[in-house]
Amino acid sequence: MILGDLLDTPVRGPADERLGYVVDVRLVLDGPLVGPLAAPRLHGLLVSPRTGTSFLGYERTGVRSPALVARWLRWRHRGTFLVHWQDVAAVEPGAVRLRDGYRQISPDLPGRPSQRPDLHPAT
Amino acid sequence: MRVVRALLGLAAVAAAAGCAVGLDATPVDEARALTSPLEQASSAVGTATLAAELLGDGRSTAAVTDTALLDQVHVLQEAADAVATFVPADRTGAAWQADALTTVRDAQVAVAAARGWANGAGSDEGTVVAALDASATALDDLTATLDEVTGE
Amino acid sequence: MKRVLGVALGILTAIGGFLDIGDMVTNAVVGSRFGLSLAWVVVVGVIGICLFASMSGRVAAVSGRATFEIIRERLGPRAAGANLTASFLINLLTLTAEVGGIALALQLASSVEPRLWIPVAALALWLVVWRAKFSIMENVTGLVGLTLVVFAVAVFLLGPDWNELADQALSPTVPAAEGHAVYWYYAIALFGAAMTPYEVFFFSSGAVEERWTVKDLAQSRMNVLVGFPLGGILSVAIAACAAIVFLPAGIEVSSLSQIVLPVALAGGKLALAVVIVGIVAATFGAALETSLSSGYTLAQFMGWSWGKFRRPAQAARFHLTMIVCILVAGAVLMTSVDPIKITEFSVVFSAIALPLTYLPILIVANDPEYMGEHVNGRATNALALVYLVIIVTASVAAIPLMIATGAGS
């Protein structure tokens, strides 16, 4: 499976109710070391109730400007939640099905964006 | 849904057919349709006069004036086409069309003569500019007549 | 001292590089039909391009990424692909218009028909793109293009009624002979001519070519904020020349040869020679910029190696893209289409495509992950949002107005 199969796919709950669309995936780097890097692991899917279009980076709560664009994108994606990959029961063509008792987790990415030392002189 | 689409299609065809030939064209519509190519021709003759005078005064080069005149030959051709393809609804319209066609053709002759002079063939500046002026006056007169009809 | 020279050179090339065939034709057409009553649009457009170019230049200098690398990263391949297709095609249209402009300008110099000049222009274009150093190419066309200042001189020599010109510019009204829809259609065309997307692709990729860093930000901002407004004044001067000579005579501009007549009237043969040199330089410079932009956009989207700082063999696909685009532009022109018509369409389509590049740049210019402490300030963002509204409105209104007015006829 490739990421392109998942993005924009409708998501359905255990009782076949419509929950929204996959707009993004979250990866964590906590697998066994492969060379210098930890292997990435699929942590979960971001599900937006109304639209399959991109969040354009505004899922990071620290990014708020320009205000109009940020507000509009957040409004379009209101109700977006994260589900753990373990809560996905099946990925079928045209639908992602969640298992009974799945949990909706806040999608916020709090805190400061990853720092680039060249852009952030030591303060 | 299919029926709606078919009906919309029919409506579009009917509308297009209605526009095709000057059905119900009033004299005002006719005059207006002829005014626009006449104005185009006036603009061409005005440009040609300016280009010819500049060359006569030594302010322009032969190449620039030649190019300017050539471009205006094309503009006049467009105007002549517009007048020639116009379909008049009655005799008045037909008479206007004939007048317009003659005037635009005269303008073509005047601009072509100017271009000949710019390239060193025959005639002199005075004659060329006089012909262009006469053509401009004729175009203005006809446009004025039509403007009276349209009330503009 | 060297620094001062560098700044001066940057500003001068920005002035000379601002004008292209789109600016010249649109301003002259508008001047002959509407006088200076649309001059305010040039002001709006110039402020817009200053804002847009300084944002994209800052993004390029800080993040080291050019426009389409960012668009691909932020929008993902599918949306960015649609964006690329539209931007690439419009850039190709602009390139075609510029090559046509070179041929028309050479016709003015020689009275040899433009179709014979097109292969020459295309070959010269390719040779410069292939061989010349980026900075030399930029500076030479920019500096020679400065000779278009003669349009501003001509306005003074024509001795116009200044009160009337000021009146047209400051209390704009739609002339009696023209409808409101046509007025707004030309407003959009003028806006698109001032804010052509290629300027931004070129500006941001040029920043990477010239290896700008955060240290060069002040100078680049200076080039843009001084150079572009002065270029805008030249645009208005072209419109003013047409307004002084053609508007009272009821002459409508439809060819490049008409654009130079007021200059001949004002300054004679010498001024005429200077203005033709200027037009050749401006269109040639813009043709170079659009050729490079076609290579930049496609290569950046595809992740190919790009840039004139690499030898052509190391950026083969980048160079191949440019060759193909130059050939296509030449081939289109050899069908005897009127380059002026292509120009008129290209500026309107530029306005239509503008949101596609403006919005991603605006978003990234606000993204601390790319920009660190160099994100947009509050004032910039306020202005940027106003322009977002203007740009989207112009883009949405353009096609309906184009249909309603028969492309302004």
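The points below go from the ground rules to the sheet, then to the chains and a helix pair.

1. Some housekeeping before you start. This is a predicted model, where local features need pLDDT of at least 70 and side-chain atom pairs count only at pLDDT 80 or more, while totals for chains, interfaces and linings use all residues. Residues are numbered from 1 along each chain as its sequence is written, and chains are lettered from A, with ligands numbered from 1, in the order in which they are written.

2. Start with chain A and its sheet. Six strands make an open sheet there, in the order β4-β3-β2-β1-β6-β5, with mixed pairing. At the edges you'll find β4 (81-84) and β5 (88-92) of chain A; each has a single partner strand, so one side of each is left without a neighbour in the sheet. From one strand to the next, the twist averages 40°. A strand here is a DSSP run of E, at least two residues long, and a helix is a run of H or I of at least four, numbered from the N terminus. Two strands pair if DSSP finds at least two bridges between them.

3. Strands β2 (residues 18-34) and β3 (residues 37-48) of chain A run antiparallel and are joined by ten bridges.

4. Which chains share the most contacts? Of the two pairs of chains in contact, that is chains B and C. Contact means that the C-beta atoms of two residues, placed from the backbone, lie within 7 Å. Chains A and B do not touch, and their nearest C-alpha atoms are 27 Å apart.

5. Next, look inside chain C at a helix pair. Two packed helices are described by the angle between their axes and the distance between the axes. The axes of α2 (residues 21-34) of chain C and α12(C) come within 10 Å and cross at roughly 145°. Axes are lines fitted to C-alpha atoms, for helices over the stretch in contact, and angles run from 0 to 180 degrees between N-to-C directions. From α2(C), the contact uses Ile21(C), Met24(C) and Ala28(C); from α12(C), it uses Ile259(C), Ile279(C), Thr283(C) and Ala286(C). These residues divide into six nonpolar, one polar and no charged. Nonpolar covers Ala, Val, Leu, Ile, Met, Phe, Trp, Tyr, Cys and Pro, charged covers Asp, Glu, Lys and Arg, and the others, Gly among them, count as polar.
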